[in-house]
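Here's a quick briefing to read alongside the model. Have the sequence and the 3D view open as you go.

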Amino acid sequence: MRRWLWPLGIFLVLAVFLGVGLTLNPREVPSPLIGKPAPQFELPLLHDAGKTFTQKDLLGKVWMLNVWASWCAACRDEHPVLVDLAKSGVVPIYGLNYKDKRPDGVAWLKRFGDPYVLSAYDEKGRVGIDYGVYGVPETYVIDKQGVIRYKHIGVVTPRDVKEKILPLIAKLNENT
Amino acid sequence: MKIRKHWILLIFLFYAWGAAQAVHAAQDAALERRVQQLSAELRCLVCQNQSLADSNADLALDLKNQVREQIEQGASDRQVIAFMTERYGDFVLYRPPLKATTLLLWFGPVLLFAGGLIALFMRLRRRAQTLAAPVLSAEERARAAALLGEPATRREPKLP
């Protein structure tokens, strides 16, 4: 009796561990930046190199920072979702154009629509590194105190918006 | 005479310049070695089973440049590692730090090994006990001898 109970027990434990492992996504690396102030930056705008944007401009507002690039195929999948979200006016979306060519980025927005209040132009990807960007698109929700509350890696789906982003933004807008 | 002096000076300068170049190259080699060593410890986040040193992904090149820049500015290895973990978390480290959440990771293999040793030891002991026990009691031996029609005095065969 006990002879075959042992291997069965070991099998079950292994199966549980591996089963849990299967549900995890190794691409989603938990960001150490959540709960920390958004890293400082000051970048020229994509559309107007003469003007700059810094994350400090948005203190006191709940906002979203979306990292995108014209060379990023997944950004196109995500784009309509952002356009819809921007239209709803629930939250201002700011873009971080990551390691792109200026004309390409501008043309891309012209073609697919521009959901962004503005896009900052991170030509060298330095600000991206400060934000721990490793796979575009990535999206951050930043609260009124300038603290990163949420990071989404990869394409934001309508479901993510409905189940994660909107409730979080409602909650963040409540506390002053 | 004067021309020759100029020549000597020129040759001297040439060698001095060469020496300066050599020093520069040596420094660069040392720097490159440190960059290599450090980036071999850091995981490339795009291709997760490669280190920064092995990877040619765009981000890996950018991060390697970051490492190089910081070393040039006099950052210690520890500072560079801290820079990376602040942004990308412990996941970038191929050598995870010892923490409450990584205890199982660090000591799990040791525990498994110890468990295996204990199991092996117990099994060997049980086996030795069963082997040491007499295979037949005196009574059984007498019966077996009677059945086989042999004298009971015959010695018990040695076990292999």
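What follows is a short tour, from confidence through the sheet and loops to the contacts and helix packing.

This is a predicted model, where local features need pLDDT of at least 70, side-chain atom pairs count only at pLDDT 80 or more, and totals for chains, interfaces and linings use all residues. Residues are numbered from 1 along each chain as its sequence is written, while chains are lettered from A and ligands numbered from 1 in the order in which they are written.

**Confidence**

- Chain B comes in with a mean pLDDT of 83, and 86% of its residues reach 70 or more.
- For the complex, the predictor gives an ipTM of 0.79 and a pTM of 0.73.
- Helices (H or I, at least four residues) and strands (E, at least two) are DSSP runs, numbered from the N terminus.

**The sheet in chain A**

- Chain A has an open sheet of 5 strands in the order S5-S4-S3-S6-S7, and the pairing is mixed. Two strands pair if DSSP finds at least two bridges between them.
- The edges are strand S5 (119-122) and strand S7 (148-153) of chain A, each pairing on one side only.
- On average, neighbouring strands of this sheet are turned by 20° against each other, direction ignored. Axes here are lines fitted to C-alpha atoms (for helices over the stretch in contact), and angles run from 0 to 180 degrees between N-to-C directions.
- S3(A) pairs with strand S4 (residues 93-98) of chain A in the parallel sense, over 5 bridges; Val67(A) stands opposite Leu96(A) in S4(A).
- S6(A) and S7(A) run antiparallel and are joined by 5 bridges, with Glu138(A) partnered by Ile153(A) in S7(A).
- Helix H5 (residues 158-174) of chain A lies across strand S6 (138-142) and S7 of chain A, at about 170° to S7(A).

**Backbone spots to check in chain A**

- The hairpin of S6(A) and S7(A) has 5 residues between the strands, and Gly146(A) there takes a positive phi near 80°.
- Lys99(A) isn't a glycine, yet it has a positive phi of about 50°. Look for Lys99(A) in the loop between S4 and helix H3 (102-112) of chain A.
- Val136(A) and Pro137(A) are joined by a cis peptide bond, with omega about 0°. Pro137(A) sits in the loop between helix H4 (126-130) and S6 of chain A.

**Where the chains meet**

- On the chain A side, 11 residues are in contact with 13 residues of chain B. Contact means that the C-beta atoms, placed from the backbone, lie within 7 Å.
- The side of chain A that touches chain B has 6 nonpolar, 4 polar and 1 charged residues. Ala, Val, Leu, Ile, Met, Phe, Trp, Tyr, Cys and Pro count as nonpolar, Asp, Glu, Lys and Arg as charged, and the others, Gly among them, as polar.

**A helix pair in chain B**

- Helix H2 (residues 58-72) and helix H3 (residues 77-88) of chain B pack at about 140°, with their axes 10 Å apart.
- That angle makes H2(B) oblique to H3(B): under 35 degrees counts as roughly parallel, over 145 as roughly antiparallel, 65 to 115 as roughly perpendicular and the rest as oblique.
- Val67(B), Gln70(B) and Ile71(B) in H2(B) meet Gln79(B), Val80(B) and Phe83(B) in H3(B). The residues of this contact divide into 4 nonpolar, 2 polar and no charged.

Conventions
Two residues are in contact if their C-beta atoms, placed from the backbone, lie within 7 Å. pLDDT is the predictor's confidence in each residue, from 0 to 100.
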